[in-house]
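Look at the aromatic side chains in the model below. The paragraphs that follow go through how some of them are placed.

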Amino acid sequence: MIHVDSSGVQYTTVFDVARQGFVVWDTPLQVGLALTAVGAVMFSYYTLRPNASHADRNRPIAVTYLIFAVFWTLLAVGGTYHNYRLVRDALVDGKFILVEGVVSNFKPQPPEGHVDEQFDVGTHHYGFSDYFIIPGYHTSRSHGGAFREGLRVRIADVNGEIARLEIADESSSTRTP
């Protein structure tokens with residue numbers, strides 16, 4: 001989507017949490033289902049082999065593990081959905097700070113992670129990682145992200161998260177009004 005601001009600069013929307021939808025659920029769900037599967041196998045093993053000498057003492061452990069895995073999955077997916085809704089609703093309701101300017105002090109995240117990608121736009125500082133599950137924009141340059149030093153952007157900032165990212169068209173951003 002392309003927008004033109006009052007000075008004639010054209011911006012292209014490259015990320016919008018409201019249009020993207022709830023996509024950060026897959027990792028907690030996959031981990032949760034793996035934990036639950038392990039718990040189900042343990043429970044089945046100790047229930048189907050009741051005569052085994054270790055079954056009676058290990059069955060409660062398997063039950064506890066299975067219950068933990070199910071609750072962990074529900075909490076992890078529910079928690080990520082709750083965070084997504086907070087950011088999305090704030091964006092839709094217009095409860096964000098519009099940050100506009102040029103990216104400076106850009107420090108890219110290395111491909112293996114370990115350090116957040118960081119940069120400033122005006123007086124606002126941002127940092128994120130591909131390896132953290134957040135609803136806002138979090139794709140580092142090393143993984144195809146948009147940010148780089150000197151890039152002119154508009155950010156819809158919801159409590160420090162990038163709810164919408166718009167990038168200025170290079171040719172229109174050099175025009176003087």
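A charge is said to sit over a ring if NZ of Lys or CZ of Arg is within 6 Å of the ring centre and within 35 degrees of the ring normal. In this predicted model, Arg154 meets that description: Arg154 lies over the face of Tyr11, at 4.2 Å from the ring centre.

Rings can also be placed against other rings. A pair of aromatic rings is described by the distance of the centres and the angle of the planes. The structure holds nine aromatic pairs. One of them joins Tyr81 and Tyr84, with 6.0 Å from centre to centre and 40° between the planes, which makes the pair tilted. Both residues belong to helix H3, which covers residues 55-92. Tyr81 and Tyr84 are three residues apart there, about one turn of the helix.

Is each of these two tyrosines buried or exposed? Tyr81 is partly exposed, because its relative accessible area is 36%. Tyr84 has a relative accessible area of 5%, so Tyr84 is buried, the cut-off for buried being under 20%.

Another tilted pair is made by Phe128 and Phe147, whose centres are 6.1 Å apart and whose planes are at 50°. Phe128 is part of strand S5 (residues 124-128), while Phe147 is in the loop between S5 and strand S6 (152-158), so this pair ties together parts that are 19 residues apart in sequence. Both Phe128 and Phe147 are buried.

These two phenylalanines also belong to a cluster. Ring pairs link Phe128 and Phe147 with Phe15, Phe119, Tyr126 and Tyr137.

How values were computed. Residues are numbered from 1 along each chain as its sequence is written. This is a predicted model: local features need pLDDT of at least 70, side-chain atom pairs count only at pLDDT 80 or more; totals for chains, interfaces and linings use all residues. Side-chain values use heavy atoms; hydrogens and water are left out. Rings of Phe, Tyr and Trp (its six-membered ring) pair if their centres lie within 6.5 Å; planes under 30 degrees apart count as stacked, over 60 as edge-to-face and the rest as tilted. Helices (H or I, at least four residues) and strands (E, at least two) are DSSP runs, numbered from the N terminus. Buried means under 20% relative accessible area, exposed over 50%, partly exposed in between (1.4 Å probe, protein chains only).
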